[in-house]
Structure formats: C-alpha cells, structure tokens
Amino acid sequence: MSRSLNLMLRPVAALLVTAFAAGAWALTPGVDAPPEPGTPRPLVVPAFEEAKLPNGVRVVVAPRHALPIVSVSLHLRLGAAADTDGHAGLASLTAALRTKGATRSGKALDATQIARQAEALGSTLDSAADWRGSALTMTVATSKLADATALIADATLHPTLSEAELGRLREQTADALKLSLSDPMALAGLAARRAWWGASVFGGSTTPASLARIQRKDVLAFHQQQLRPELATLVVSGDVTLEQAVALATRQLGAWKGNRMALPEARNEPASAATPATVLVNLPGAGQSGVVVMAPSVAYDAPDRRVAQVAGAVLGGGYSARLNQEVRIKRGLSYGASAGQDFQAVGGTLSAATQTNNATAAQVVELMRGEVVKMGEAVPAAEELDARKATLVGNFGRQIETTGGLSAVAMDLIARGRPLSDAQKHAPEVMAVTAEQVRSYAAGHWTQASLRTLVVGDLAAAGDALKKLDDKALVLDAAQLDLEAPGLAKKP
C-alpha cells in the first residue's frame, strides 16, 4: 500500500472505530445484545387427580387447559426388573413389539398400518420400557383423544407380537449393540453397571447372547404376566378433565378382566459386586478411553434422596459443575465430564463418566476420584450450591412445561410407588437442601474405599500409569468380557 493511500485511509478507520464504539454503548437488549433477565416466575406443578375403575385400572389426570393438546399413556407397572436371568432385554422387546401390529375391530393390522393410523391422528405411537414398567404414549389434539386412547388400548391389549416382527426387531437391536460394544464409552457404561450390581437384575443389560435367547414364547409369556388391569394406569395430561378420562378408560379398558392369581413381582436384589474395585478392559485400537467412577447412592424412597440429587448435581450436573471444571475447562482432557445417579428400591449408584485420550486415562481417573471424595471435605460455596439447585429445578420445570413431560413425571411416581403429591414437593425439597447436608451426605457415602472404577480403552496406548492406579485391578481383553457374568470374565 502506498504511503499516500495509507494516509488517506487513516481518518476513515478512525471514524469506523468511533462509530463501532458508539454503537456498542447503544446495543438494544434482545436485538443486538442478549435480552435482560426476566422476573423469576414461581414453578407451578398441576395437581394430579385420580380415580379407579372397578377392575383395578387406575386413572390419573393432570389438567392443563391453556392449549387444546393432550398426552395419553397406558402404563403397565412391570418392567425390566422382571427380566429373568439370561433374558435381559425381554421387557424392552415386548414393549417395542406392541407398536408393530395389533388386532383392531377384528382385523389384524401390521406395523405400517398401525403407524399410518397414528399419523392420521397427527401423532406417533411411542413405546418405552424401563426397570419398573412400560408405556404406550401419544400426544394429540384434544379432539383426537378418544381415537388415540382406543389405538393405545388395542396395541396394549391385542398386540400380534408376530415372529417376523420379533426377528426384525432383534436384528435391529443387535446391529445397534455392535456399535455400543465397539465404543469405549458405551462399553464402559455397560460393564460398570455389571461391576457394581453383580448378580442383581439391575446389573443386566441387553447383549447379543440374551437377544438370541429371547423367543416369541418368552415375549408372549411376559406380555401375559404384565397384562393385568391391577398393574395398569391410564395417564392423561393437558386439556382434559378427570370425568372425561374416566369415561374414556371405562369405554376402552372397563371390560378388561383380571384373575385371582397373585400379582407378578419385580426382582429386587441388592448390589453384590464380584469384581475388584478397579476393572481395566483392553479394547485394542480404541482411539480413546471411556472412564467411569462409581460411588454408592441411596434408594429412591430414602429420606435424603433430595440431598443425594443436589450433591450429584454439584459434582457433575452441568457445564460449570466440578467434574467438568476440572477435567474439561481447566485441563482440556475431555469434551465433557458429568455424573448421573440411578435410584432403585434397594439402593443406588452415582456414576461419574467421561471419555479421554488413552494416554491421559490414568490422570482423569485420579482427578475424578479426587473430586468425588473432596465433596465430603468442605461445604460447597453458596453461589455454587444455588446454581446447581437452580439447574435441578429448572430441568424439572422444563420437563413439566409439556404435556408429555408432565405425564412422564406421573408415570415415574406411579412406577416407584410414590405419592403423586411428590411432584408438588420436588422443587421446594430441592431448594431446602443446605450446604452442610451436601457435605455430610458426601462424607458418609463417597469415601475413597467406596469407589469403584472401570476403564475401557487401548491399554497399550494408555501405558503403565493406568495399571499402577490399583495393583489388584482386574485386567481383561474386550474379547474376554462377559456382560452377563457377575465377575465380567468369560468362563475358560
């Protein structure tokens, strides 16, 4: 650039800088600057209303009339905790098959026809199963509620559960499992569950072997075991009244007859670990290592369950929580580290998890263990605690903003045998947790001796540092890993 041109441009540049600076002071909130925070609104949880049909079917309603939308679910209170040994995945397969064909008005419809009928109502027929139950769910305009309820009832009471659809579903599930079993983080999570719970049903996960064992006769038997009116709840949330829901339930489910046999019960074995405190699984060629550090939690009906939730949130419940601060933000050892909890009737687990380079796996293990134990050494600062409690309440608030989320809250309480009024107590109980309660809880539950660690990665690339973490560690090649065995190792 010539000297004369440079001299000509200097005043223009100065004007641009001045104009930019002036504009920066005049930014308009919500237009060219983030909007100002609004006034906090109280969290309002609709009160659930309920009734029961003569045959034992429970009807639960969460009225919300602001929009002509409604979510309807038929929940059956028996889930994966009723899977028999060697048949992990049976409850989930049975639930999924109910959307793949049913008899309606005397005519057998296949999966495509069922899907088209759901689409004609402006929705999809969704199916889900967890440890405690399964449910079919649709969200529709209020004017379509009766038709949606009828479709859900037929798919639940009269599914075809065909051999062909079972075969397809088994193949799809097996393909998905291949990806999980080759991914170090996914495999670490599956192995960690078995390492913690041992022979308990809660240590189970669907495997290629368990899938191969599940036959149509097993699905039919589970379906019949689960299909009891006394185990069923019709949950309706949104633009509906209890009287309308009871009328729908009576029309679609009132003729459903029970029997005099004892109600089936889910398994409920406590954790019984059969592995050392540290398990290292060698997955040759893995680009990274999956790391899981586990600690004990409490039963879902324990008096200090809210304290446990807040403690878990302080440790790993968000971007600014402690695990992510130490592992990602300060040291860049991972794209993210977090912690989640699994609450069962016989106890629970906290699982802190992340994925990192093989060479830094040992460092990450030590960091994560240290952060878990540190939780019991000092009370969290007021600002930190308030932020994490706000996150818990905010997540709950966002869930119940939708009719589907509101139904999910009700079904979770039903499946756990908790009072429906727990929904109204959730936020106040979380906000009432103190810093000292968090420290005391962590000190009593999250000690160095209580921790269990599982790492899946390329052990050669990880080097000796990982093995030096625990000289009593169980070291396995991925080919030797058996997710059905309490001790994780295949029999020789």
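Biologist: Where does Ser123 lie in the chain?

Modeller: Ser123 lies in the loop between α3 (111-120) and β6. The model is predicted, so local features need pLDDT of at least 70 and side-chain atom pairs pLDDT 80 or more, while totals for chains, interfaces and linings use all residues. Residues are numbered from 1 along each chain as its sequence is written, and side-chain values use heavy atoms, with hydrogens and water left out.

Biologist: Why is Ser123 called buried?

Modeller: The relative accessible area of Ser123 is 12%. Leaving aside neighbours within four places in sequence, Ser123 is in contact (heavy atoms within 4.5 Å) with Ala118, Met138, Thr139 and Val140.

Biologist: What share of the protein counts as buried?

Modeller: Of its 492 residues, 48% do. The protein has 18 helices and 14 strands, and its C-alpha trace spans about 90 × 65 × 50 Å along the principal axes. Among contacts with a separation of 6 or more, 80% come from residues 24 or more positions apart.

Biologist: What makes β3 and β7 a pair of strands?

Modeller: Two strands pair if DSSP finds at least two bridges between them. Strand β3 (residues 69-76) and strand β7 (residues 134-141) have 8 bridges in the antiparallel sense, and therefore qualify. His75 stands opposite Ala135 in β7.

Biologist: Why do β1 and β6 count as edge strands of their sheet?

Modeller: That sheet is open, with 6 strands in the order β1-β2-β8-β3-β7-β6 and mixed pairing. Each of β1 and β6 (126-129) has a single partner strand, so one side of each is left without a neighbour in the sheet. Neighbouring strands are turned by 20° against each other on average, direction ignored.

Biologist: Which helices lie on this sheet?

Modeller: Helix α9 (residues 242-253) lies across β1, β2 (58-63), β3 and β8 (232-238), at about 145° to β2. Angles run from 0 to 180 degrees between N-to-C directions, with axes fitted to C-alpha atoms, for helices over the stretch in contact. Helix α14 (residues 403-416) packs on the sheet by touching β2, β3, β7 and β8, and its direction makes about 25° with that of β3.

Biologist: What is the strand order of the sheet that holds β10?

Modeller: The order in this open sheet of 6 strands is β11-β12-β10-β13-β9-β14, with mixed pairing. β11 and β14 (474-477) stand at the edges because each has a single partner strand. The twist averages 15° from one strand to the next.

Biologist: In which sense do β9 and β13 pair?

Modeller: Strand β9 (residues 278-282) and strand β13 (residues 452-457) are parallel, over 5 bridges, and Leu280 stands opposite Val455. By contrast, 10 bridges join β10 (residues 288-297) to β12 (residues 347-357) in the antiparallel sense. β11 and β12 are also antiparallel, over 8 bridges, and form a hairpin with 2 residues between them.

Biologist: How do you know what span to expect of helix α10?

Modeller: The expected span is 1.5 Å times one less than the number of residues. Helix α10 (residues 305-316) has 12 residues and reaches 16 Å from first C-alpha to last, close to the 16 Å expected. Of these residues, 11 are buried, including Arg306, Val310 and Leu315. Gly318, which follows α10, has a positive phi near 155°.

Biologist: What makes a space in the model a pocket, and how much space lies in the largest pocket?

Modeller: A pocket is an open set of points on a 1 Å grid over the protein atoms alone, with protein on both sides within 12 Å along at least five of seven lines; lining residues have an atom within 4 Å of a point. The largest pocket holds about 830 Å³, a volume filled by probe spheres set on the points, which are joined across faces, edges and corners. Of its 29 lining residues, the closest to the centre are Arg306, Gln309, Phe343, Asp412 and His426. Elements giving two or more residues to the lining are α10, β11 (337-344), α13 (382-399), α14 and α15 (422-431).

Methods:
Helix = DSSP H or I, 4+ residues; strand = E, 2+ residues; numbered from the N terminus. Buried < 20%, exposed > 50% of the residue type's maximum accessible area, 1.4 Å probe, protein only. 1 Å grid on protein atoms, 1.4 Å probe; cavity = no way out; pocket = protein on both sides within 12 Å on 5 of 7 lines; lining within 4 Å.
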